[in-house]
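Here is a short tour of one protein chain. Keep the sequence and the 3D view side by side as you read.

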Amino acid sequence: MVDAAADRDDLAVEAALRPKDLGEFVGQTRVREQLDLVLRAARARGATADHVLLSGAPGLGKTTLSMIIAAEMGAPIRITSGPAIQHAGDLAAILSSLTEGEVLFLDEIHRMSRPAEEMLYMAMEDFRVDVIVGKGPGATAIPLELPPFTLVGATTRAGLLPPPLRDRFGFTGHMEFYAPAELERVLHRSAGLLGVHTTDEGAAEIAGRSRGTPRIANRLLRRVRDYAQVRADGVVNQESAARALAVYEVDERGLDRLDRAVLLALLKLFGGGPVGLATLAVAVGEERETVEEVAEPFLVREGLLARTPRGRVATPAAWRHLGMEPPQQPAPGGQEGLFGT
Ligand SMILES: Nc1ncnc2c1ncn2[C@@H]1O[C@H](COP(=O)(O)OP(=O)(O)OP(=O)(O)O)[C@@H](O)[C@H]1O
Ligand SMILES: [Mg+2]
């Protein structure tokens, strides 16, 4: 599967392909404009930028933007993540070693422990932490002043953040999925950096299968490059892209093997549903979580699958996408009216 977890090679290439400043960052016009104002104003005041929260699906550029924020502010960046901070003490150690103006990037901020979160509230608002010394009734809190810093939090699940934390960010940027034309620009830029000759049609072919996500676009580009190098003349054009992506089982709409397996099971074994998630997962031989978190979000977003109280249901578009006619009769249990006619 092309978009399984990135291997080490992928990570290295990914870093090399990261835009370094706001000007190079493609798309996200709204967030880019908003952030540009926040950073310019802070720079003009000679102040540290306000705390920034970036929310959005994986691979849309949150980590990239956090590095750009530091670069634009001419500040160093410290990178850590929610799961890496188990105890409040871990966070205290990081916070107390920050230098003035430094950017602290906290990835997956929704996965931080509760006590660390509470320490973070005070640090964000008052640039102060209480370090607890000793245990039990004799324990004392020693206040520790922090230099002003900019916290950049990233989350794929903004809804999971407790409101007191969310409210302490001066600015929240919501990252959207990218339009095909934007992904084409991402692809041309990456192709230039990788030294791969790519035609407009080739970029368009890959962009259409990239699920609105630059990380996926870049990954598919590398797979197409491999194919073009081994089986064609090295040029990424419409033909080499389409053939390569067929080999990697990424279809015209960006569905991969797992996505198609889920849809096929839903249609062929369960007549389009409704069927429970657990049953569907067994039918495709995958973990529940894999089906729910890896395959379904994209299928739902594409309007191919619906999650209903009684189970998963295929939409008429799903039948057509797999080259089948949607049933005339509503599925048993009656999904009539759910999609209109
Ligand atoms: N706006 C953009 N322009 C050009 N390239 C981009 C853009 N956004 C992301 N990319 C590319 O996509 C890759 C993934 O981006 P990034 O790591 O910032 O995503 P993320 O939102 O942090 O994902 P995750 O939630 O998985 O951590 C990067 O290597 C970068 O090259
Ligand atoms: Mg990231």
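## Ground rules

A residue counts as buried if 20 or more other C-beta atoms lie within 10 Å of its own, as exposed if 12 or fewer do, and as partly exposed in between; the C-beta atoms are placed from the backbone. This is a predicted model: local features need pLDDT of at least 70, side-chain atom pairs count only at pLDDT 80 or more, and totals for chains, interfaces and linings use all residues. Residues are numbered from 1 along each chain as its sequence is written, while chains are lettered from A and ligands numbered from 1 in the order in which they are written.

## The whole chain

The protein chain has 14 helices and nine strands. These are DSSP runs, numbered from the N terminus: helices are H or I with at least four residues, strands are E with at least two. The C-alpha trace spans about 70 × 50 × 35 Å along its principal axes. Of the 341 residues, 34% are buried.

Two residues are in contact if their C-beta atoms, placed from the backbone, lie within 7 Å. Take the contacts between residues at least 6 apart in sequence: 68% of them join residues at least 24 apart.

Most residues other than glycine have a negative phi, and most peptide bonds are trans. Gln28 has a positive phi, near 50°. Gln28 sits in the loop between helix H1 (8–17) and helix H2 (29–45). Gln28 counts as buried because it has 23 C-beta neighbours inside 10 Å.

Arg211 also has a positive phi, near 55°. Its place is the loop between H8 and helix H9 (214–231). Arg211 has 25 C-beta neighbours inside 10 Å, so it counts as buried.

## A cis peptide bond

Gly273 and Pro274 are joined by a cis peptide bond, with omega about 5°. Pro274 lies in the loop between helix H11 (257–268) and helix H12 (277–284).

## Annotated sites

An unreviewed UniProt entry places the feature "domain: AAA+ ATPase" at residues 48–181. UniProt positions follow the numbering used here, feature names are shortened, and annotations may be inferred rather than shown by experiment. Over residues 48–181 the chain is 30% helix and 27% strand.

The UniProt annotation "binding site", also from an unreviewed entry, covers residues including Lys62, Phe127, Tyr178 and Arg215. The annotated residues span 199 residues in sequence, and the farthest two C-alpha atoms are 36.8 Å apart, so they do not all gather at one spot.

Is Phe127 buried or partly exposed? Phe127 is partly exposed, with 16 other C-beta atoms within 10 Å. It lies in the loop between helix H5 (114–126) and strand S4 (128–133). Tyr178 is buried, with 25 other C-beta atoms within 10 Å. Tyr178 is found between strand S7 (171–174) and helix H7 (180–194), in a loop.

## Two helices meet

In H7, Pro180, Leu183, Glu184, Leu187 and His188 meet Ala203, Ala204, Ile206 and Ala207 in H8. These contact residues divide into seven nonpolar, one polar and one charged. Ala, Val, Leu, Ile, Met, Phe, Trp, Tyr, Cys and Pro count as nonpolar, Asp, Glu, Lys and Arg as charged, and the others, Gly among them, as polar.
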